[in-house]
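Here is a short report for a reader meeting this structure for the first time. Please look at the sequence and the model before reading on.

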Amino acid sequence: TGTVMADDNRVRLAPQAYYYFGPLGVLSEFILSSQDVTNAGTNAEVNNKAWQIASTYVLTGENASYGGVVPRYAFDPRNGKWGAFEVAGRFSSLMIDHDAFPVFANPLTSVEEAKAWTLGINWYLNKNLKFMTHFEQTFYDGGGATGGDRKTEHALLSRVQVYV
């Protein structure tokens, strides 16, 4: 009924691991976020968790790396050079602490868990310019208008990234 406020301590733990071998890249991450909260005189510690595992593969044979891909040949269509192409995939999940409900989050409108998968393609025109297009599907537990599950979301995301 009141406004939920952060109250005192917040701790975040986010270990990450990654591995690259030639054109293959794998990254994994786990996040634990702990926050003391208060609402109308009720206090609690809410612990949310999330994780992801992502993988990429450079189709044109260049080495994958944490910092991105450097194309063997920069984009030059007159000479048949197209840069580098990479496919990407990811699975991820967010889990909201059950102690958040119903005092700090409304179970009729707030999501308790979200799980997603993503597939995409990345095009590196040169070492400074990258185009990305990804499709993501997210499934929810809770958060629906009548207390059920929120509808599955589908998103098509594109981005242009300039490295300087």
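How many bridges join S1 to strand S3, and in which sense do the two run? Six bridges join them, and S1 and S3 (residues 24-39) run antiparallel.

## Ground rules

This is a predicted model: local features need pLDDT of at least 70, side-chain atom pairs count only at pLDDT 80 or more, and totals for chains, interfaces and linings use all residues. Residues are numbered from 1 along each chain as its sequence is written, and side-chain values use heavy atoms, with hydrogens and water left out.

## Strands and their partners

Strands are DSSP runs (E, at least two residues), as helices are (H or I, at least four), and both are numbered from the N terminus. Two strands pair if DSSP finds at least two bridges between them. Strand S1 covers residues 5-13. Its Leu13 has Leu32 in S3 as bridge partner. None of the nine residues of S1 is buried. Here buried means under 20% relative accessible area, exposed means over 50%, and partly exposed lies in between (1.4 Å probe, protein chains only).

Further along, strand S4 (residues 42-58) is joined to S5 by 10 bridges, and the two run antiparallel. S5 and S6 also pair in the antiparallel sense, over 12 bridges. Leu94 links both pairings. In S5, Leu94 is the bridge partner of Ala50. In S6, the bridge partner of Leu94 is Ala114.

## Salt bridges

Side chains of opposite charge can pair when their charged atoms come close. The rule used here asks for a side-chain nitrogen of Lys or Arg within 4 Å of a carboxyl oxygen of Asp or Glu. A search of the whole structure finds two salt bridges.

One of them joins Arg90 and Glu136, with the closest N and O atoms 2.9 Å apart. Arg90 lies in strand S5 (residues 84-95) and Glu136 in strand S7 (residues 129-142), so the pair ties together parts that are 46 residues apart in sequence. Arg90 is partly exposed at 31% relative accessibility. Glu136 counts as buried, at 17%. Glu113 and Lys115 also meet in a salt bridge, at 3.8 Å from N to O. Glu113 is buried at 19% relative accessibility, whereas Lys115 is partly exposed at 44%.

## Aromatic rings

Rings of Phe, Tyr and Trp (its six-membered ring) pair if their centres lie within 6.5 Å; planes under 30 degrees apart count as stacked, over 60 as edge-to-face and the rest as tilted. By this rule the count comes to seven aromatic pairs. Among them is the tilted pair of Tyr18 and Tyr20, 5.9 Å centre to centre with 50 degrees between the planes. Tyr18 is partly exposed at 48% relative accessibility. Tyr20 is partly exposed too, at 26%.

Trp123 and Phe131 form another tilted pair, 5.9 Å centre to centre and 35 degrees between the planes. Trp123 is partly exposed at 25% relative accessible area, and Phe131 is partly exposed at 32%.

Two rings have a charge over them. That label applies if NZ of Lys or CZ of Arg is within 6 Å of the ring centre and within 35 degrees of the ring normal. The charged end of Lys81 sits over the ring of Tyr73, 4.3 Å from its centre. Arg150 has its charged end over the ring of Tyr140, 5.4 Å from the centre.

## A nonpolar surface patch

Which residues form a nonpolar patch on the surface? Leu24, Tyr57, Leu59, Val87 and Ile121 do, with about 410 Å² of accessible area together. Patches take residues with over 30% relative accessible area and no salt bridge; like charges are joined within 9 Å, and nonpolar side chains (Val, Leu, Ile, Met, Phe, Trp, Tyr) within 5 Å. The areas come from the Shrake-Rupley method with a 1.4 Å probe, and for residues only the protein chains shown count as cover. Ile121 is found in strand S6 (residues 111-126). Its relative accessibility is 38%, so Ile121 counts as partly exposed.

## Backbone details

A cis peptide bond joins Phe101 and Pro102, with omega at about -5 degrees. Pro102 lies in the loop between S5 and S6.

Asp8 is not a glycine, yet has a positive phi of about 80 degrees. Asp8 is in strand S1 and is exposed at 66% relative accessible area. Ala40 has a positive phi of about 50 degrees, though not a glycine. Ala40 sits in the loop between S3 and S4 and is exposed, with 66% relative accessible area.
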